[in-house]
Amino acid sequence: MLERIDLSGFESIIVSFCRDINQLQRVRDVAPGLGLIAKIESADGVAGAVQLADSADALLVGRADLRSSVGDAHLASAVTRVLDVAKQRGCSGMVGSGIL
């Protein structure tokens, strides 16, 4: 789909429900030179955070969907895990939410 969009003027692309680096590589192949943000919204994304941080320019935690995946009891630790990985790997870390 990205192949059909004029990406001039764009700075970054967010890859939603990102779980592995293959998703990021497919986007990077179509849109080289743009920033790549891996949006982590599942337990699989949290588990792959190290590899995602090494391949993306930033990690963005989608709290609402992540909560559905990991449950209320594990949400804080999952968010902390992703942000810690981002910091350790020299990748920007962000949290998206209407209300924290």
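User: Is Cys-91 buried or exposed, and at what relative accessibility?

Analyst: The model is a predicted one, and the values discussed here are computed from it. A residue counts as buried when its relative accessible area is under 20%. Cys-91 falls in that class because its relative accessibility is 8%, and the term for Cys-91 is therefore buried, at 8%.

User: In what order do the strands of the open sheet run, and which are the edge strands?

Analyst: The open sheet is made of 4 strands with parallel pairing, in the order S1-S2-S3-S4. From one strand to the next the twist averages 25°. Each edge strand pairs on one side only, and the edge strands are S1 and S4, the latter covering residues 92-96.

User: Which helix packs on the sheet, and what angle does its direction make with that of S4?

Analyst: Within the sheet, strand S2 (residues 35-40) and strand S3 (residues 58-62) pair in the parallel sense over 4 bridges, and Lys-39 stands opposite Leu-60 in S3. The helix that packs on this sheet spans residues 72-88 and touches S2, S3 and S4. This is helix H5, whose direction makes with that of S4 an angle of about 155°.

User: Where is Ser-16 found, and which residues does Ser-16 touch beyond four places away in sequence?

Analyst: Ser-16 is found in the loop between strand S1 (12-15) and helix H1 (21-30), where its relative accessibility of 41% makes it partly exposed. The C-alpha atoms of Ser-16 and Glu-41 are separated by 7.6 Å, although the two residues are 25 apart along the chain. Leaving out residues up to four places away in sequence, the ones that Ser-16 touches are Gln-23, Lys-39 and Glu-41.

User: How far apart are the closest N and O atoms in the salt bridge of Lys-39 with Glu-41?

Analyst: Lys-39 is partly exposed at 22% relative accessibility, whereas Glu-41 is buried at 4%. The cut-off for a salt bridge is a nitrogen-to-oxygen distance within 4 Å. Lys-39 and Glu-41 form such a bridge, and their closest N and O atoms are apart by 3.7 Å.

User: Which salt bridge links distant parts of the chain, and how many residues apart are its partners?

Analyst: A search of the whole structure finds 4 salt bridges, and in one of them the side chains of Arg-89 and Asp-54 meet at 2.6 Å, N to O. Arg-89 is partly exposed at 41% relative accessibility, and Asp-54 is likewise partly exposed, at 46%. Arg-89 lies in the loop between H5 and S4 and Asp-54 in helix H3 (residues 49-55), so that this pair links distant parts of the chain, with a separation of 35 residues.

Technical notes
Residues are numbered from 1 along each chain as its sequence is written. This is a predicted model: local features need pLDDT of at least 70, side-chain atom pairs count only at pLDDT 80 or more; totals for chains, interfaces and linings use all residues. Side-chain values use heavy atoms; hydrogens and water are left out. Helices (H or I, at least four residues) and strands (E, at least two) are DSSP runs, numbered from the N terminus. Buried means under 20% relative accessible area, exposed over 50%, partly exposed in between (1.4 Å probe, protein chains only). Contact means heavy atoms within 4.5 Å. Two strands pair if DSSP finds at least two bridges between them. Axes are lines fitted to C-alpha atoms, for helices over the stretch in contact, and angles run from 0 to 180 degrees between N-to-C directions.
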